[in-house]
Amino acid sequence: IGKITKLAVETPNTSGFEKHINKFSKFILILTSVTLVAVFLAHLFIKGQDTSIPELTLFSIALAVGVIPEALPLVTTFSLTQGALKLAKKKVVAKRLSAIEDLGSIEILCSDKTGTLTENTLSVSEIFSNNESEILTYASLAGDLSGSKRTANNSFDLAIFKKIGRFELAKIKKIKRLSENPFNPVRRRNSVLVRIDSKRYIIVRGAQENILPYVANISKEEEQNILRWILDQGKKGRRIITVARKEFNEDDYDVEDEESNLELVGLISFSDPVKKSTKSAVEKAQELGVKIKIITGDSLEVAGAVAYEVGIAKSSADVISGFDFEKMSYEEKITAVEKANVFARVSPEQKFQIIEILQKKHTVGYLGDGINDAPALKLSNVAIVVNGASDVAREASDLILLQQDLKVIIDGIEEGRKTFVNTSKYIKATLSSNFGNFYAVAIASLMIDYLPMLPIQILLVNLLSDFPMISIATDNVEKDEIRKPCVYNNTEIVIIATFLGIVSTVFDLLLFSIFRTDRPEVLRTAWFIESILTELILIYSIRTRSFIIKSRSKPSGIILFLTLLAGVSTFVVTFLPFGKSVFGFTPLSYRNLITILVVSIGYFITSEIVKLSVYKNKMKNSQQT
């Protein structure tokens with residue numbers, strides 16, 4: 001328990017989503033700061049004494065506000081909240097919001113077998129003993145006789161109690177238990193000291209490999225029969241417990257007393273049927289590019305049989321035991337962890353090490369429920385527990401499954417990817433449009449003796465273009481975009497934002513050159529309208545990697561409503577009296593409005609061509625790689 005606590009407490013855990021957002025934010029701040037300083041100094045150098053420092057300072061601040069995606073926290077929070085709401089409907093509760101996006105990044109999902117792949121409703125299948133009544137009695141005495149309700153770790157007991165029946169169980173409960181040595185994942189057995197009539201017995205119950213070595217007076221033939229029976233039950237996917245006893249004369253005992261001269265009472269096998277949804281969930285995980293690995297305390301035979309049945313392992317022998325894993329060198333462990341999909345009889349430290357090795361190359365999710373899972377849960381990128389998990393495991397978790405089913409997790413991964421894709425859309429759209437306008441306004445301001453846009457106009461552009469972008473969080477996602485684990489590709493974001501930003505800058509400057517000879521109010525109003533129209537167009541362009549008309553997913557109703565509202569508001573505000581008195585706009589002629597629409601259409605066509613070219617070139621490079 002001390003080792004488990006030490007691993008859990010000392011293991012740092014930072015969300016992958018938070019790491020990428022922090023890196024992205026630093027990049028934006030540095031780029032904006034450097035550019036603003038350059039613009040400020042260029043004004044001083046080119047215009048000299050004609051420059052108004054207060055006006056230039058206010059203009060620079062407005063440019064900074066216009067280019068920085070200050071709505072990013074709102075968009076990500078709204079997007080994550082939308083994802084959390086959808087997951088809640090699918091029986092998944094998010095303790096940490098950013099875990100929604102991390103869920104979409106999962107490449108490998110490590111899971112226990114019991115209760116997730118299987119029903120965890122055990123029933124006694126076969127008994128290897130000369131006295132069936134005796135072994136069931138001793139197995140019950142070593143179990144939890146305190147109640148009959150299902151808890152996290154009493155599935156064996158409930159199956160035995162059901163086999164015995166109510167009346168026999170009532171008799172067993174009257175037998176005096178003197179002391180107890182509880183189960184732990186290292187010993188893999190538990191034991192009790194009981195008084196039956198005038199005799200005292202130590203009863204030991206647990207995994208066969210941790211009891212049979214201490215059993216005395218078994219012939220080689222008997223041992224071979226036992227091993228054949230165990231192997232046969234394991235191939236059928238059945239779990240086994242072994243029961244032994246030892247007559248003892250004291251009222252207390254320690255571990256050493258149960259490790260010699262035991263008398264074998266027998267073995268019990270239990271069937272735990274695979275859930276009907278498991279196989280389809282595994283197939284869906286494979287479609288989504290998620291590799292599933294089983295990490296369990298069960299025997300090799302049982303873990304292998306279940307893994308093979310549901311399609312996780314190629315054969316039932318494709319299993320690595322915790323004992324064999326411990327003997328490997330570190331380099332061998334790296335190879336084993338990458339290749340093998342099933343690990344059986346593993347300790348908490350071994351679970352931790354497996355996750356640690358996998359995380360060097362992959363984003364890893366871990367599903368556990370016990371105290372011994374806490375270190376691995378704390379270390380993993382996404383920690384998932386079931387509703388009935390131990391308090392320690394729940395504390396270390398990011399997501400809680402109200403329904404213990406692999407399908408729920410896979411559905412959650414799909415939902416996390418949708419959230420991830422929509423957040424990426426916003427980042428690409430806001431970078432492209434903001435930086436395009438930013439550079440265009442900055443360059444134009446050096447060519448004329450007045451500001452091409454007033455600070456308050458820049459802020460209004462930012463407001464009217466940003467609130468429709470928030471609706472991207474509700475957008476529909478194409479299936480092609482969620483077929484693989486989602487990882488923030490900063491290079492892709494920068495490339496697409498750069499090329500589309502250049503397109504935006506070119507068309508902004510084109511509009512500037514057309515209206516440069518007009519009055520300042522006309523230029524500013526025309527630029528204001530064109531800036532917002534091109535940003536609204538970009539929302540529809542950036543939401544799909546294919547041509548807008550050929551997109552397989554339609555924009556959400558909220559996107560359609562907010563972009564329409566923003567577009568109408570853009571035109572209306574320039575004709576209203578307060579548009580002139582507050583923002584400095586002037587009503588434009590129909591000829592001017594048609595010119596703006598033609599420039600916007602040209603921007604739409606060009607941005608689509610550039611977007612398709614960038615993504616086509618990216619796909620070509622990835623295929624060559």
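## Burial of Ser79

A residue is called buried when its relative accessible area is under 20%, exposed when over 50%, and partly exposed in between, with a 1.4 Å probe and protein chains only. Ser79 has 1% relative accessibility, so Ser79 counts as buried. Ser79 belongs to helix 4 (residues 72-89); helices (H or I, at least four residues) and strands (E, at least two) are DSSP runs, numbered from the N terminus. Neighbours within four places in sequence aside, Ser79 is in contact with Thr419, Asn422, Thr423 and Ala473, where contact means heavy atoms within 4.5 Å.

## Basis of the model

This is a predicted model, in which local features need pLDDT of at least 70 and side-chain atom pairs count only at pLDDT 80 or more, while totals for chains, interfaces and linings use all residues. Residues are numbered from 1 along each chain as its sequence is written, and side-chain values use heavy atoms, leaving out hydrogens and water.

## Helix 7 and its cover

Helix 7 (residues 155-164) is mostly covered, with 8 of its 10 residues buried. The buried residues are Ser155, Phe156, Asp157, Leu158, Ala159, Ile160, Phe161 and Ile164. Their cover includes strand 3 (123-128), helix 6 (132-141), helix 8 (166-173), strand 6 (199-206), strand 7 (239-248) and strand 8 (263-271). Just after helix 7, Gly165 takes a positive phi of about 100°.

Most residues other than glycine have a negative phi. Asp197 has a positive phi, near 60°, and is placed in the loop between strand 5 (189-196) and strand 6. With a relative accessible area of 74%, Asp197 is exposed.

Arg345, also not a glycine, has a positive phi of about 55°. Arg345 is found in the loop between strand 11 (342-344) and helix 14 (348-358). Its relative accessibility is 15%, so Arg345 counts as buried.

## Two helix pairs

Helix 10 (residues 278-287) and helix 17 (residues 406-445) have axes that come within 8 Å and cross at roughly 25°. Axes are lines fitted to C-alpha atoms, for helices over the stretch in contact, and angles run from 0 to 180 degrees between N-to-C directions. Helix 10 is therefore roughly parallel to helix 17; angles under 35 degrees count as roughly parallel, over 145 as roughly antiparallel, 65 to 115 as roughly perpendicular and the rest as oblique. Thr278, Ala281, Val282, Lys284 and Ala285 of helix 10 make the contact with Leu406, Lys407, Ile410, Asp411 and Glu414 of helix 17.

Helix 18 (residues 455-470) packs against helix 20 (residues 520-542) at an angle of about 20°, with axes 10 Å apart. This makes helix 18 roughly parallel to helix 20. On the helix 18 side, Gln457, Leu460, Val461, Leu464, Ser465, Pro468 and Met469 meet Arg524, Phe528, Ser531, Ile532, Glu535, Leu536 and Ile539 in helix 20.

## Aromatic rings

The whole structure holds 10 aromatic pairs. One of them is Phe248 with Tyr253, an edge-to-face pair at 6.5 Å centre to centre and 75° between the planes. Rings of Phe, Tyr and Trp (its six-membered ring) pair if their centres lie within 6.5 Å, and planes under 30 degrees apart count as stacked, over 60 as edge-to-face and the rest as tilted. Phe248 and Tyr253 are both buried. Phe528, Phe578, Phe583 and Phe585 form one aromatic cluster.
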